[in-house]
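Visitor: I would like to learn how to read a structure like this one, feature by feature. Could we look at it together?

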Amino acid sequence: MMMGGHQRMMGQETSKPRAVGTTLGRLVGYFRPYWLVLLVVAGLIVYSAWTQVTAPWLIGQAVDCYINVTAQSVQNCTFTAQPAPNVAGLGRLILLVVGLYVSGAAVGGLMFYLMSWAGQHVLTTLRKEIFAQIHRLSLGYYTRHEAGDVMSRLTNDADTIQQAMSFGLVQVTSGALLIGWLIVAMLSENVVYALLALSVLPLMIAATLYLSGQARKAFRRSRLEMGSVNADLQESIAGVREVQAFSREDENIENFRRTNAANRAANIRAVSFTSALAPALEFLNFLAIAIIVGVGGSGRCVAPRSSERSSPWASS
C-alpha cells in the first residue's frame, strides 16, 4: 500500500500544468486588491537600480575630479566645472555616495517588505480557498491520493509560492532592469570597453541556464522525496496499531530510513547546483575585469570620444 501510494503521488507530482497562462492569470487576479502596493514596489525597483548604476559613476568622478586630476581625467570629469584636488568637494561627493548606498539599502528593505506584505495577504486567501476546497472534495479523491501528498501540497507548494512572490519576483525584475540599465550605460560610455566587458556574457548565460536547469530538476526530485517522507510518516502513524499487531516495526523503520536518506540526497544535490551558480558567475566576472585591465593597460583600446565623455555615466 505504501509503495503504491508513492508511485501514484510521483506520477501526479511530475504532471505538467495544462494551462500555464490561465493559472498565472488567476494568480495575478489575487493581487488586484493590492495594485497600489505593487505600483509602489515597481517605483522602488527603478530607484534601487538607479542608485546601483549611479554610485559607480560618482566614485569614478571622485577619482577624476578630486583625487587623480590630470589633463586626461579632466576631460572625463562632468561632476564639477572646476576639477582640482579639493578635500571639501571630495567630502561632499563621498557623502553623496554614502547617501545613495544608504537610501538604496532602505529602499531595498522597504521593497521586499511591501512585496512580502502583499504576498502574505494573497497566500492567506489562497490557503483559505484550498482549505475550503479540501472539504468539498469527494471521498473518492482521498482514496486515490495519499494524505501525505495532500499535506505536501498544503505546506510545500504554499511555501514555494510565498518565496516566489516575496523574493523571486522582485529579484528577477530588479536584476533584469539593472542588467539592461548597465549595458546601456556601458555602451553609451565606450562601445569597445563595453563589448570587452560583455564578452563573457554568453558564458554567464550558458552557466546560468545549465546550473538553473539542473537545480530545477533536483528541486523537483527533492519535492517528490519530501512528499514520500510525509506519506511514510502519515501512514506509519495512522497504521501504528496494524504495524504493532503484525510486528512490522523494524520493516517500517527501515523503509522510512531509506525514504529519508533519498530525501537528504536529493536536497544535497539541489543545494550543490544552486551553490555552484554564484562562484561560477563570480569567476566570469573576475575574468571580464581581467580582460578590461589587460586591454586597457596595453593601451590598444580606442579612447572614448569627447561626446562620449560628457555622458552622465562616465567613470574613471
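Visitor: How many helices and how many strands are there in the protein chain?

Guide: Before counting, please note that this is a predicted model, in which local features need pLDDT of at least 70 and side-chain atom pairs count only at pLDDT 80 or more, while totals for chains, interfaces and linings use all residues. Residues are numbered from 1 along each chain as its sequence is written, and side-chain values use heavy atoms, with hydrogens and water left out. Helices (H or I, at least four residues) and strands (E, at least two) are DSSP runs, numbered from the N terminus. Here the protein chain has 12 helices and 0 strands.

Visitor: What share of the residues in the protein chain is buried?

Guide: A residue is called buried under 20% relative accessible area, exposed over 50%, and partly exposed in between, using a 1.4 Å probe and protein chains only. Of the 316 residues in the protein chain, 31% are buried.

Visitor: Which residues have the most contacts inside the largest nonpolar core?

Guide: In soluble globular proteins, nonpolar side chains tend to be buried together. A nonpolar core is a set of buried Ala, Val, Leu, Ile, Met, Phe, Trp, Tyr and Cys residues joined through side-chain atoms within 4.5 Å. The largest one has 18 residues, and Val41, Met111 and Val122 are those with the most contacts inside it. At least two residues of this core come from each of H3, H5 and helix H7 (147-189), and H5 gives the most, with 8 residues. Counting a contact as heavy atoms within 4.5 Å, and leaving aside neighbours within four places in sequence, Met111 touches Val41, Leu44, Ile45 and Val170. Another core lies apart from it and has 10 residues, among them Trp57, Leu58, Cys65 and Leu90.

Visitor: How many aromatic pairs does a search of the whole structure find?

Guide: Rings of Phe, Tyr and Trp (its six-membered ring) pair if their centres lie within 6.5 Å; planes under 30 degrees apart count as stacked, over 60 as edge-to-face and the rest as tilted. The search finds 2 aromatic pairs. In one of them, the ring centres of Tyr34 and Trp117 are 5.7 Å apart with the planes at 90°, so this pair is edge-to-face. It links distant parts of the chain, since Tyr34 sits in the loop between helix H2 (20-29) and helix H3 (35-67), whereas Trp117 is in helix H5 (residues 87-136), 83 residues apart. Tyr34 is buried, at 16% relative accessible area, while Trp117 is partly exposed, at 34%. The rings of Tyr47 and Trp50 also have centres 5.7 Å apart, but their planes are at 35°, so the pair is tilted. Both Tyr47 and Trp50 belong to helix H3, where they are 3 residues apart, about one turn of the helix.

Visitor: Which residues does the salt-bridge network join?

Guide: Side chains of opposite charge can pair when their charged atoms come close. A salt bridge is a side-chain nitrogen of Lys or Arg within 4 Å of a carboxyl oxygen of Asp or Glu, and the structure holds 3 of them. Arg257 and Glu254 meet in one, at 2.6 Å from N to O, and Arg258 forms another with Glu254, the closest N and O atoms being 3.7 Å apart. Through these shared partners, Glu254, Arg257 and Arg258 are joined into one network. In helix H9, Glu225 and Arg221 lie 4 residues apart, about one turn of the helix, and they form a salt bridge with closest N and O atoms 2.8 Å apart. Glu225 is buried, with a relative accessibility of 8%, whereas Arg221 is partly exposed, at 40%.
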